[in-house]
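Subject: A structure for you to look through

Hi there,

Here is the structure I promised to hand over. Have a look around it, and then read on for what I found.

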Amino acid sequence: MTVAVVQFGGSNCDRDAVRALAHLGVDAERVWHEDGLPADTDGIVVPGGFSYGDYLRAGAMAARQPIMAAVREAAESGTPVLGVCNGAQIGCEAGLTDGAFTTNRSARFQCEHVHLRVERADTPWTAAYDEGDVIEVPIAHGEGRFEIREDRLATLEDEDRVLFRYCDTDGAVTEEANPNGSTANVAGVLGARETVAVLMPHPERATLPDVGGTDGQGVLRAFSR
């Protein structure tokens, strides 16, 4: 699979994503947003960072760049698309998934390791795990609090589109384990298709054995199936 890692001005996790995917044997390349998606694109990552300096709202300006129309079209055709951190914010702003990400409850930037509970294991992004597994991955964000209207959250849950929730080491979903105040402890969700996902934590930073552990590998393995 050839994965395009879309780079905007302010992206800073694009190289991390390429390196993590290469470690898993996936052919990945950075693609400058103005150049559009390569013709041989089989998968897409919208990486973390601070696109356009997070002016207006995090991800709002990047979501309105022409390449995101191509990303939406690819997603609708079944191409795997993953948005991580700022990429998750861009994905929500671009309409790839429901909800939005806003300022952390703490009103400060947070960089730490968190635990996530796998809510379902029958998606491309979670097939390497079992339902209920607890994985440890890092976060690094100032606007990572997932917000969604109550009725839309009910729809997400009814459609089984919540991928990960923040939890403690035993898998209990508690307020204390919620690092940023996300609604219902949601850390990652699916789009209308199971081949589209956004999540605030960084699986690419938990992929290399010598840097941050390997619990995030399972998410990125969606691109090697």
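Phe164 counts as buried, because its relative accessibility is 1% and the cut-off for buried is under 20%. Please keep in mind that this is a predicted model.

Which residue does Phe164 form an aromatic pair with? The partner is Tyr129: the ring centres are 6.5 Å apart and the planes stand at 80°, so the pair is edge-to-face. If that label is new to you, a pair of aromatic rings is described by the distance of the centres and the angle of the planes. The pair links distant parts of the chain, with Phe164 in strand β9 (residues 162–167) and Tyr129 in the loop between β6 (110–118) and β7 (134–141), 35 residues apart. Tyr129 is buried too, because its relative accessibility is 8%. A search of the whole structure finds five aromatic pairs, and this is one of them.

Next come the charged side chains. Side chains of opposite charge can pair when their charged atoms come close. How many salt bridges does the structure hold? There are 16, and I picked out a few for you.

- Glu175 and Arg105 meet through their side chains, at 2.2 Å from N to O. This pair also links distant parts of the chain: Glu175 sits in the loop between β9 and β10 (186–190), Arg105 in the loop between β5 (100–102) and β6, and they are 70 residues apart. Glu175 is partly exposed at 47% relative accessible area, and Arg105 is partly exposed at 44%.
- Arg145 forms a salt bridge with Glu147, and their closest N and O atoms are 2.3 Å apart. Arg145 has a relative accessible area of 21%, so it is partly exposed; Glu147, at 29%, also counts as partly exposed.
- Glu157 and Arg165 join in a salt bridge of 3.1 Å, N to O.

Asp40 counts as partly exposed because its relative accessibility is 42%.

Finally, here is something about the backbone. Most residues other than glycine have a negative phi, and most peptide bonds are trans. Leu56 is in the loop between β3 and α2 (66–76), and with a relative accessible area of 75% it is exposed. Cys85 is another residue other than glycine with a positive phi, near 55°. Cys85 is found in the loop between β4 (81–84) and α3 (86–93), and it is buried, with a relative accessible area of 5%.

Enjoy exploring, and write back with any questions!

Best wishes

Notes
Residues numbered from 1 in each chain as written. Heavy atoms only, no water. Buried < 20%, exposed > 50% of the residue type's maximum accessible area, 1.4 Å probe, protein only. Phe/Tyr/Trp six-rings, centres within 6.5 Å; stacked < 30°, edge-to-face > 60°. Helix = DSSP H or I, 4+ residues; strand = E, 2+ residues; numbered from the N terminus. Salt bridge = Lys/Arg side-chain N within 4 Å of Asp/Glu carboxyl O.
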